[in-house]
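Here is a short briefing on one protein chain. Read the points with the model open beside you.

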Amino acid sequence: MWMRIWRWVQMFREDLLVLFIAVRNPATSRSIKVLFLLAVGYLISPIDFIPDTIPVVGLMDDIVIVPALLYFIMRILPPGVRHDSEMKAQRLGRKLPYIFFALAVFLVTWMVFIFWVIYSLLMKQ
């Protein structure tokens, strides 16, 4: 069971990367771009159909609506755009761990710098 869940998560991650690349493709229709932005916006928005404050049911709408919308978008992608995006996603997917590591180093460096500035300003007073 856990292997099926893990495979689903990996597939979802790959589809999300393909969609992100496809949205940036000029051959992708505006309606697909808008649907993708709505899906991502709904995922990060604090406004939901069912509020997240309701224990289990509140997260269910995010778990159902967003993947269903992303699945629909993948189905309506033009075949040429989808194939091109999948090829680019495979190349980028191999580099993704290095990109995340570099991003983490960058963010930690900035956080240390900001804390140092705040500490320096507070110690002068």
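Ser85 touches Val18, Ile21 and Ala22, leaving aside residues up to four places away in sequence. Contact here means heavy atoms within 4.5 Å. Ser85 lies in helix 4. Its relative accessibility is 1%, so Ser85 counts as buried. Buried means under 20% relative accessible area, exposed means over 50%, and partly exposed is in between (1.4 Å probe, protein chains only).

This is a predicted model: local features need pLDDT of at least 70, side-chain atom pairs count only at pLDDT 80 or more, and totals for chains, interfaces and linings use all residues. Residues are numbered from 1 along each chain as its sequence is written, and side-chain values use heavy atoms, with hydrogens and water left out.

**Overall layout**

- The chain has four helices and zero strands. Helices (H or I, at least four residues) and strands (E, at least two) are DSSP runs, numbered from the N terminus.
- From the N terminus on, the order of elements is α-α-α-α.
- The chain has 125 residues, and buried ones make up 21% of them.
- Take the contacts in the chain with a separation of 6 or more: 61% of them join residues 24 or more positions apart.
- The accessible surface comes to about 10,000 Å², and 75% of it belongs to carbon and sulfur atoms. These areas come from the Shrake-Rupley method with a 1.4 Å probe; for residues, only the protein chains shown count as cover.

**The nonpolar core**

- The largest nonpolar core has 18 residues. Such a core is a set of buried Ala, Val, Leu, Ile, Met, Phe, Trp, Tyr and Cys residues joined through side-chain atoms within 4.5 Å.
- Helix 1 (2-23), helix 2 (30-44), helix 3 and helix 4 each supply at least two residues of this core.
- Helix 1 gives the largest share, six residues.
- Leu19, Phe36, Leu70, Ile73 and Leu77 have the most contacts inside the core.
- Leu70 touches Phe12, Leu16, Leu19, Phe36 and Ala39, not counting residues up to four places away in sequence.

**Helix 3**

- Helix 3 (residues 57-76) has 20 residues.
- From first C-alpha to last, helix 3 reaches 29 Å, close to the 28 Å expected at 1.5 Å a residue. The expected span is 1.5 Å times one less than the number of residues.
- The buried residues of helix 3 are Gly58, Asp61, Asp62, Val66, Pro67, Leu70, Ile73 and Met74.

**Aromatic pairs**

- The whole structure holds three aromatic pairs. Rings of Phe, Tyr and Trp (its six-membered ring) pair if their centres lie within 6.5 Å; planes under 30 degrees apart count as stacked, over 60 as edge-to-face and the rest as tilted.
- The ring centres of Phe106 and Trp110 are 6.3 Å apart and the planes are at 70°, so this pair is edge-to-face.
- Both residues lie in helix 4 (residues 79-124), four residues apart, about one turn of the helix.
- Phe106 is partly exposed, at 48% relative accessibility. Trp110 is partly exposed too, at 42%.
- Ring pairs link Phe106, Trp110, Phe113 and Trp116 into a cluster.

**Ser29 and its loop**

- Ser29 lies in the loop between helix 1 and helix 2.
- Ser29 is partly exposed, at 31% relative accessibility.
- Its side chain makes a polar contact with the side chain of Ser31 (3.2 Å). A polar contact is a pair of N or O atoms within 3.5 Å; within protein, one must be able to donate a hydrogen and the other to accept it, and residues adjacent in sequence count only if both atoms are side-chain atoms.
- The C-alpha atoms of Ser29 and Pro78 are separated by 8.9 Å, with the two residues 49 apart along the chain.
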